[in-house]
Amino acid sequence: LLGYLLRSEQNIRESSPAKGGLTTGQLRHCQEFIEANLAGNVTLDELSRTANVSLFHFIRAFKKSTGMTPHQYILDRRVRNAETLLISTNDSVGDIAKAVGFLSAGHFSSAFQKILQIAPTAYRRVNGATSSDVSRVKGKTSVGR
């Protein structure tokens, strides 16, 4: 009985939010939803429904849980996905921008530079793979989600 109670208490603590934040499960569902829909338009309404909370509460709780607003988090995830594509493909910066969910190469470039402190083309030059690396990895990389 004591073991059961201890496990129950631990499960409650793990699923409880940081004061004012989302529960672990709510945050995980939102992150999974964002990853699955990253190349498309992810709305705050969809995310708040995924977490099963009001829009106002979602925005506040998401920031409390992640340290970023939902918009900042989505931009960060898109830029992080673009990092891999810049190194592993020969696709143009514009094509990569579209593949990771940006509407324009200009918006992508400014977000990339703000987050990583380097322009996408410079990042590719500094971290670029050789042509043989790109062809080897390209078969394993899925640009369109």
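I searched the whole structure, a predicted model, and found five aromatic pairs. I looked at Phe62 and Tyr73: their rings are edge-to-face, with 5.4 Å from centre to centre and 80° between the planes. Phe62 belongs to helix H4 (residues 55-66) and Tyr73 to helix H5 (residues 70-88), so this pair ties together parts eleven residues apart in sequence. I noted that both Phe62 and Tyr73 are buried. I also found a cluster in which ring pairs link Phe102, Phe108, Phe112 and Tyr123.

Next I turned to helix H3.

I asked which residues of helix H3 (residues 44-51) are buried. They are Leu47, Ser48 and Ala51. Their arc around the axis is only 95°, which puts them on the same side of H3. I checked what these buried residues pack against, and found helix H2 (24-36), H4 and H5. After H3 comes Asn52, with a positive phi near 60°.

Last, I went through the charged pairs.

I counted four salt bridges in the structure. In one of them, Arg77 pairs with Glu35, with the closest N and O atoms 2.5 Å apart. Arg77 is in helix H5 and Glu35 in helix H2, so the pair ties together parts that are 42 residues apart in sequence. Glu35 is partly exposed, at 22% relative accessibility.

I then followed a network of salt bridges that links Asp76, Arg80 and Glu83. The closest N and O atoms are 3.3 Å apart for Arg80 and Asp76, and 3.5 Å apart for Glu83 and Arg80. Arg80 is partly exposed at 31%, whereas Asp76 is buried at 14% and Glu83 is buried at 16%.

Notes:
Residues numbered from 1 in each chain as written. Predicted model: local features only at pLDDT ≥ 70, side-chain atom pairs only at ≥ 80, totals over all residues. Heavy atoms only, no water. Phe/Tyr/Trp six-rings, centres within 6.5 Å; stacked < 30°, edge-to-face > 60°. Helix = DSSP H or I, 4+ residues; strand = E, 2+ residues; numbered from the N terminus. Buried < 20%, exposed > 50% of the residue type's maximum accessible area, 1.4 Å probe, protein only. Arc of directions from axis to C-beta. Contact = heavy atoms within 4.5 Å. Salt bridge = Lys/Arg side-chain N within 4 Å of Asp/Glu carboxyl O.
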